[in-house]
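Student: I have the coordinates open and would like to talk through how the inside is put together. Can we start with a helix?

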Amino acid sequence: MRIASWNVNSVRTRLDQVLAWLEAERPEVLCLQETKVADELFPHASFQALGYATAISGQKAYNGVAILSRLPIEDVQVGFTPLLPQDPQALDLGEQKRVISAQIAGLRVLNLYVPNGSSLRSEKYAYKLEWLACLKRYLQAQEAIGEPLVMVGDFNIALEARDIYDPARLTGGIMASEPEREALLAALGERLEDGFRLFEPESGHWSWWDYRTAGWETGRGWRIDHIYLDAELRDHALGCTIDAPMRGNPQPSDHAPVIINLAWPPQDEGEDDDEEC
């Protein structure tokens, strides 16, 4: 089972690219961020023509998340409130469409678009830290349910120096400040681990290149798009990659897809054994 995550920076602007990628790669699940489209205008039919069901949470021109799946999508939940119904912050933070999850093939797929924060002095930075604190409470509630969890998305945080092209200069700034990193690590706890780092310890692997600084052309990237796995799913992880060449497309998203390959659903013992006993 292959699960992919991609901040497409407008699903309608990049629709042809997303469809071509799906036809070529055929992941079972693709989670999109920054769809930037109201629900009534989401291009369901284009994805359904390729065999993908859709679950969406969008708003006009900003934010927006979606789950596309070739497998049945069940129990779709939007925002933080389904697991935090008594949490007043969860309702307020849900006004921006950044959280969607669904049950697919016996696991919970959680798709997030974490706020950027803008700058360390911005009100948006304080909002980001509040949002991450709410995510921690949400994940604690989800853990109590006991579903296997894969959490994907654009996290807008480089957790370590090896996740930035110039850590000496950029560490401490937005997307690499200690409060952001500590807030995300607190949300992950001991339960969730970075699927990419299970297979690739080295630096130089980026998922985002800033338009404004010619990041792609100069090789100045960040790894801020992540896939996190709980312990059960880590045991079934086969590999995790970043499809960086997609950033080189004409009129690309500034992000590239990230893909995790899981041996899931797990087979019963002997299920794939064709030999007679």
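Student: Which residues of helix α1 are buried?

Tutor: Bearing in mind that this is a predicted model, helix α1, which covers residues 15-25, has L15, Q17, V18, L19, W21 and L22 buried.

Student: And what do the buried residues of α1 pack against?

Tutor: They pack against the strands β1 (2-7), β2, β4 and β14, and also against helix α2 (44-48). Just after α1 comes R26, which takes a positive phi of about 50 degrees.

Student: OK, on to the core: which residues have the most contacts inside the largest nonpolar core?

Tutor: Those are I3, L107 and V150, in a core of 30 residues. At least two residues of this core come from each of β2 (29-33), β4 (62-69), β6 (99-104), β7 (107-113), β8 (149-154), β12 (225-229), β13 (237-242) and β14 (258-262). Apart from it lies another core, of 27 residues, which includes L112, W131, L132 and L184.

Student: Back to I3, what does I3 touch?

Tutor: Leaving out residues up to four places away in sequence, I3 touches V29, L107, V109, V150, V152, I227, V258, I259, I260 and L262.

Student: Switching to rings, how many aromatic pairs does a search of the whole structure find?

Tutor: The search finds seven. One of them is the edge-to-face pair of F155 and Y228, at 5.2 Å centre to centre with 85 degrees between the planes. This pair links distant parts of the chain, since F155 sits in the loop between β8 and α5 (167-170) while Y228 is in strand β12, 73 residues apart.

Student: Are F155 and Y228 buried or exposed?

Tutor: Both F155 and Y228 are buried. Elsewhere, ring pairs join F80, W131 and Y138 into a cluster.

Note on methods:
Residues numbered from 1 in each chain as written. Predicted model: local features only at pLDDT ≥ 70, side-chain atom pairs only at ≥ 80, totals over all residues. Heavy atoms only, no water. Core = buried A, V, L, I, M, F, W, Y, C linked by side-chain atoms within 4.5 Å. Buried < 20%, exposed > 50% of the residue type's maximum accessible area, 1.4 Å probe, protein only. Helix = DSSP H or I, 4+ residues; strand = E, 2+ residues; numbered from the N terminus. Contact = heavy atoms within 4.5 Å. Phe/Tyr/Trp six-rings, centres within 6.5 Å; stacked < 30°, edge-to-face > 60°.
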